[in-house]
Structures are given as C-alpha cells and as structure tokens.
Amino acid sequence: MSATPPAGTASLKLARSNRQSPARKRVDRFGDLALFLICAAAAVLALVVLILIAKETFEGAQPAFAKFGLGFITHQEWAPPLDKFGGRGLIFGTLITSAMALVIGGPVAISIGIFLALLAPASVRNLISPLVEMLAAIPSVILGFWGVIILGPVLVSTIEPFLHNTLGFIPLFGEPQTTGLSIFNAGLILTIMVIPIIASVSRDLFMAVPRELQDGAAALGSTRWEVIRGVVLPSTVSGMTAACLLGLGRALGEAIAVSQVVGGGTESHLSLFKTGGTMASLIALQFNSAVSKLHTSSLYYLAALLLIIGVGSNLLASWVGQRFGGAGGAVR
Amino acid sequence: MSIFRRHVEQEFDPTQPLVATGNLRRRHLASRIIQCLAIAAALAAVAVLVIVVWAVVAHGAKAISWEFITAGYPKGIGPYLIGTAEIVGIATLLAMPVGVLIALFLTEFAGRRWTRPVQLILDVMNGLPSIIIAVFIFLLIVAPAEQQSGLAAAIALSIIEVPLIARGTQEVLNLVPGAQREAADALGVARWRSILTIILPAASGGIVTATILSVARAAGETAPMLLLNSLAKGDVVQFNPFEEIPNVPVRIFQLSEEANPEGFTEAWGLSLILIVIILALGLSSRALLNRSKRKLTR
C-alpha cells in the first residue's frame with residue numbers, strides 16, 4: 001500500500017469497469033463464492049478432525065469398555081500380562097500431579113501477572129515478559145530430561161528428606177526413594193510448564209482492567225496492594241479461573257515430561273515421593289510395547305478418559321470466561 | 001472495603017496534622033511485602049529458565065563438534081536434525097493454508113453467528129493433549145498401514161499447528177484497518193479481490209510470525225513422534241516420508257530412558273541444538289511481530 005494511485009482517474013476507471021463489464025461481474029461472483037466456500041471448508045475440516053478424534057478414540061476403547069465397563073475407573077490393578085487393567089492409580093496420579101502444579105503454580109503465576117501488568121515499569125515488563133514466555137517454549141522432552149538428571153538428585157538429597165522430616169506426619173510426605181523419579185518430581189515439572197501459561201493470560205487480564213477504576217481507588221487513599229485486592233482481583237476472578245483451567249488442561253494432558261520423571265508405576269498411594277503414573281504418561285510409555293489387543297484398547301480407554309477431561313476443562317474455561325466475563329474478555 | 005470503614009470510625013479532628021498513623025504505616029508495609037512477593041515470583045520464573053537453559057548449555061556444549069552435528073548414528077546427529085526439519089516442514093505446509101483460511105473465515109465471513117462456534121473449535125483443538133492427537137493418527141493411519149511413517153507424524157503435528165496459526169493470523173487480520181476494506185468496497189472491488197490483494201498482503205508479516213511460532217512449538221513435540229515415528233535408527237538421512245524418519249525429540253527421549261552416561265552427553269547436545277533453534281525462532285518471530293504490528297497500527 002505504498003504508492004497511492006493518482007486521485008480520481010485510475011480508481012474511477014476501475015470502478016466503472018467493475019460496474020460495466022458483465023464478464024468481470026461473473027468472475028467476481030464466482031470468486032466471492034469460491035473463496036467463501038474454501039474458507040468455510042477449512043473451518044468445517046477443523047470440526048471434522050475434532051469429531052474424528054473423538055470417534056476413533058472411543059472406537060479404539062470399545063473392547064476394553066466392553067470388558068471392564070465403568071468399573072475400569074475404580075479398579076486398581078494394571079497388569080498387562082494377566083490381562084487385568086484398571087485406571088484408578090493412573091487417574092489418581094493424574095489428579096495429584098495436576099493439583100500440585102495448580103496449587104504451587106497458580107499463585108506464583110498470578111503474582112507474576114500482577115507484577116508484569118501492574119507493578120513493573122514498561123522496560124522491565126518488556127524484558128521479563130518474553131523470558132516468562134520462553135519458559136513455555138522449552139520442549140517438554142528437554143524439561144523432562146532435566147528433571148531426570150538435575151532435579152531428581154537434588155530432590156532426593158535435600159528437599160524430600162527435609163519435607164519428610166518436618167512434615168512427615170502428613171501421609172503426602174512419605175519416605176523418600178533413591179532415584180528421584182517420583183510424583184513430586186512430576187508435579188514440579190508440571191508446575192514449571194503451567195506457570196508461563198497462567199502468567200501470560202493473567203497479565204493480559206490485569207492489563208485490561210480499566211485504569212480509571214484503579215486510579216479511583218488510589219485517589220480514595222488505597223495503597224498499591226489495596227487497589228489490587230479491592231479492584232483488580234475481584235474484577236478478574238472469572239478470567240483467572242479460566243486461566244487456571246487452561247493450565248489444568250495442559251497439566252492433565254502432558255505425557256512426555258511426566259513419563260520421564262514419574263517413574264512408571266501404576267499404583268495409587270498418597271506418598272508424593274514414590275513413583276507413580278498418569279494417564280497420559282502411561283500411554284506414552286506402554287503404547288509401543290503393548291502386549292495384547294486388550295492392553296492397547298485399555299490404553300485407548302485411558303486416552304478417551306483423558307479426552308473427556310481435557311475437552312471438559314477447556315470448555316469450562318471458555319464458558320467461565322464468557323459467562324462471568326467483565327474484564328475477563330482478555331481470556332481467549 | 002474494610003480500610004475505609006476503619007477511617008470513618010476514628011473521630012475526625014480537623015486540627016490534627018495530616019501524618020501517617022500507625023494504621024497507614026501498617027497498610028503500606030503490607031503493600032510493600034506483597035509487591036516484594038510478586039517481584040520474587042517473577043524472579044523465580046526467570047531463575048528456573050536460567051537454571052534449565054544453563055544446565056543444557058553447560059552439559060551440551062561438551063558434546064557439540066562439527067562431526068557431532070553432521071555425522072550419522074552412532075557418532076553424530078545429522079540425520080535427526082534433517083529428519084526433524086523434514087517432518088516439521090511437511091506439517092507446516094499442511095497446516096499453514098488451513099490455518100490462514102480458518103482465520104479468514106473468522107474475520108471476513110463468519111459474522112456474529114458463526115464466530116463463537118468456530119473459535120470454540122479452535123480453542124478445543126488447541127487444548128487437546130498432543131498424546132491424544134498421536135493416538136488418533138495412529139488409529140487412522142499407522143494401524144491400517146501397519147507401518148510407522150514420518151508423514152503420519154507430520155499430519156499429527158499439523159493438527160497441533162493449525163489452531164496456533166489460525167489464532168495468530170486472526171489477531172493480525174483484526175488489526176488491518178477497516179478503512180482499507182471500506183475503501184476497496186467503495187471502489188466496487190469484489191470481496192475476494194480485496195481479501196487476496198489488500199487484506200492478506202497487509203497481514204503477511206503476522207501470518208509469517210504465527211507460522212514461525214507454530215514451527216517452534218511443533219519442533220519440540222515428542223508425543224506424536226514417539227507413537228507414530230520412533231523406529232528409525234538414524235544412521236542415514238531418510239527423505240522418504242512414507243518411511244520412519246529419524247528425529248530429535250524421540251532421540252532425546254530414548255536416550256533419557258537409557259541409563260548410559262555417553263547417551264546422556266549426546267542427549268544434552270541434542271537438547272542444546274533444539275533449544276537454540278526454538279528460542280531463535282521465538283525471538284525472531286517476536287521481533288517480526290512487533291515490526292508488522294507497528295506497520296499496521298501506524
């Protein structure tokens with residue numbers, strides 16, 4: 001759009017030719033329709049892929065569902081050679097690692113959002129924001145590898161014994177194991193993965209809170225924190241909820257990093273420091289080495305459950321953001 | 001709010017000088033503590049980034065040499081790098097047109113009625129765990145053909161990339177000034193001509209940015225590679241997409257599962273190269289985005 005056409009003559013000629021030539025009119029009518037149809041087809045394609053994903057996954061899970069029914073969810077034992085499959089330990093592991101990620105990561109991420117949007121000067125914000133987003137760009141396989149080699153030994157030698165000795169009366173902090181591969185390690189890795197997601201969404205949320213409201217509260221004598229607590233946080237509760245649900249969806253579905261650091265167990269137990277497994281990580285670990293049709297199908301069953309939970313948390317996020325909107329408009 | 005009530009309860013004495021009472025000092029202290037906590041949270045996130053990247057650089061640098069980058073298995077990683085580039089390239093070629101077209105549908109054609117459902121489809125697609133996409137493509141392509149292939153992995157990656165490209169493109173298309181559209185309409189230019197010759201070129205910078213970002217995301221995706229394309233040995237470069245193609249993420253995953261110190265060194269080296277590529281893509285796309293946004297909103 002660099003050179004503007006000479007005013008009048010050229011554009012007028014173009015307009016006249018558009019009006020007058022029936023051939024061009026026909027081409028244009030066809031072009032409009034064709035472009036619309038192509039674009040609509042792309043959107044429909046996305047929908048078709050989603051539906052196919054659900055259909056294929058549920059069909060794959062059919063044999064396992066026929067054999068175990070809904071009892072799969074509450075049954076404990078996962079023993080491929082014996083053709084016994086139950087998902088309780090894995091569902092439990094998924095929930096406990098994701099909960100850990102949200103409980104630690106949520107407040108930290110929202111604090112980061114507050115810092116970036118409301119406290120930091122623009123220059124600091126422009127420096128830190130990309131760094132936080134870079135954290136999200138680190139591939140999960142590298143984060144998992146780091147968790148195995150670097151984080152695991154540190155946890156075993158210092159943090160886990162400390163927590164066990166001071167808070168050992170809580171069953172969560174049981175006896176530390178030797179390898180460092182544990183539910184706790186997986187929870188920490190997931191924490192690192194959800195923080196940038198929640199932080200960048202909540203930063204956008206807080207930036208969208210009208211300046212006048214904050215200034216009004218400040219003019220009434222509020223301190224910085226009272227402005228945040230009294231104005232910013234209440235008006236973005238729904239958005240923050242949606243952001244946390246997005247983070248939850250990410251944590252639930254993360255397969256690779258968790259499968260590296262969690263140690264590959266299938267039992268349900270309360271101790272954070274033992275090995276465990278999550279639905280996604282078990283699929284990644286056992287899919288290529290499945291011993292029977294039923295084993296594969298049970299993995300599909302897990303995938304179907306994961307699909308339901310993942311899509312559910314996503315829809316819930318978008319519904320919360322929409323329904324209780326307000327300043328939550330910044331949530332996508 | 002409780003703080004204001006507390007003020008009112010105190011008896012008002014106009015002759016008192018306006019100085020900070022104990023209450024105000026306490027409130028300022030609370031405020032300062034919270035601010036420090038927020039700063040600490042941000043610093044912690046940056047510290048984690050630095051620790052992870054530093055570990056990768058420190059361990060990976062030992063592995064890097066010219067032979068390491070160019071040679072094949074077992075001495076080097078050349079075939080893995082080329083394989084990853086191939087797969088991501090195919091995935092992007094598949095995903096980019098679809099993503100851009102969906103974005104065009106959203107901004108130019110959808111109207112109020114269709115925007116929300118299509119947006120929701122994109123959101124759900126974006127939130128799908130990649131392992132589920134991998135399982136889906138396995139059932140759709142690999143299981144019937146009874147063979148893993150780079151193409152299957154590329155298709156899975158393209159499903160991951162589409163919502164990212166669509167979202168980024170949509171954001172830039174929304175930045176194209178409405179006046180340009182109206183000017184084209186007023187001149188009697190047909191809709192499709194104005195979209196192809198005015199709106200898309202104006203948004204091209206943003207489209208490229210979104211694509212680069214999605215490439216950075218896809219390059220590190222491991223779950224689809226593991227299920228769909230994990231059997232290649234990596235001694236030779238594989239160009240046929242219907243065969244298994246060696247690739248970086250699966251190699252890192254396999255090495256991290258083996259307890260072999262030499263393997264760990266190789267994995268660090270691979271991680272370093274992958275992370276450098278991904279961060280470079282991320283930074284360049286950010287710079288590009290800022291430039292094209294400035295151009296559009298000027």
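This is a predicted model: local features need pLDDT of at least 70, side-chain atom pairs count only at pLDDT 80 or more; totals for chains, interfaces and linings use all residues.

Residues are numbered from 1 along each chain as its sequence is written, chains are lettered from A and ligands numbered from 1 in the order in which they are written, and side-chain values use heavy atoms, leaving out hydrogens and water.

**Where the chains meet**

- Chain B has 79 residues in contact with 79 residues of chain A (contact means heavy atoms within 4.5 Å).
- About 7400 Å² of area is buried between chain B and chain A, and carbon and sulfur atoms give 79% of it (buried area is the accessible area, with a 1.4 Å probe, that two parts lose on being put together, summed over both).
- B:Leu49, B:Phe136 and B:Trp192 supply 8% of the area that chain B buries against chain A, more than any other three residues.
- Three salt bridges are counted between chain B and chain A (a side-chain nitrogen of Lys or Arg within 4 Å of a carboxyl oxygen of Asp or Glu).
- In a salt bridge, the side chains of B:Arg193 and A:Asp28 meet at 2.9 Å, N to O.
- On the side of chain B that touches chain A, helix α2 (residues 22-63) of chain B gives the largest share, 18 residues (helices are DSSP runs of H or I, at least four residues, numbered from the N terminus).

**Aromatic rings**

- Over all chains, a search of the whole structure finds 12 aromatic pairs (rings of Phe, Tyr and Trp, the last by its six-membered ring, with centres within 6.5 Å; planes under 30 degrees apart count as stacked, over 60 as edge-to-face and the rest as tilted).
- A:Phe72 and A:Trp78 pair edge-to-face, at 6.4 Å centre to centre with 70° between the planes.
- Both A:Phe72 and A:Trp78 are buried (under 20% relative accessible area, 1.4 Å probe, protein chains only).
- Ring pairs link A:Phe65, A:Phe68, A:Phe72, A:Trp78, A:Phe85 and A:Tyr301 into a cluster.

**A buried serine**

- A:Ser259 lies in helix α11 (residues 256-261) of chain A.
- A:Ser259 counts as buried because its relative accessibility is 3%.
- Not counting residues up to four places away in sequence, A:Ser259 touches A:Ser281, A:Ala284, A:Leu285, B:Phe253 and B:Glu257.

Key:
Helices (H or I, at least four residues) and strands (E, at least two) are DSSP runs, numbered from the N terminus. Buried means under 20% relative accessible area, exposed over 50%, partly exposed in between (1.4 Å probe, protein chains only).
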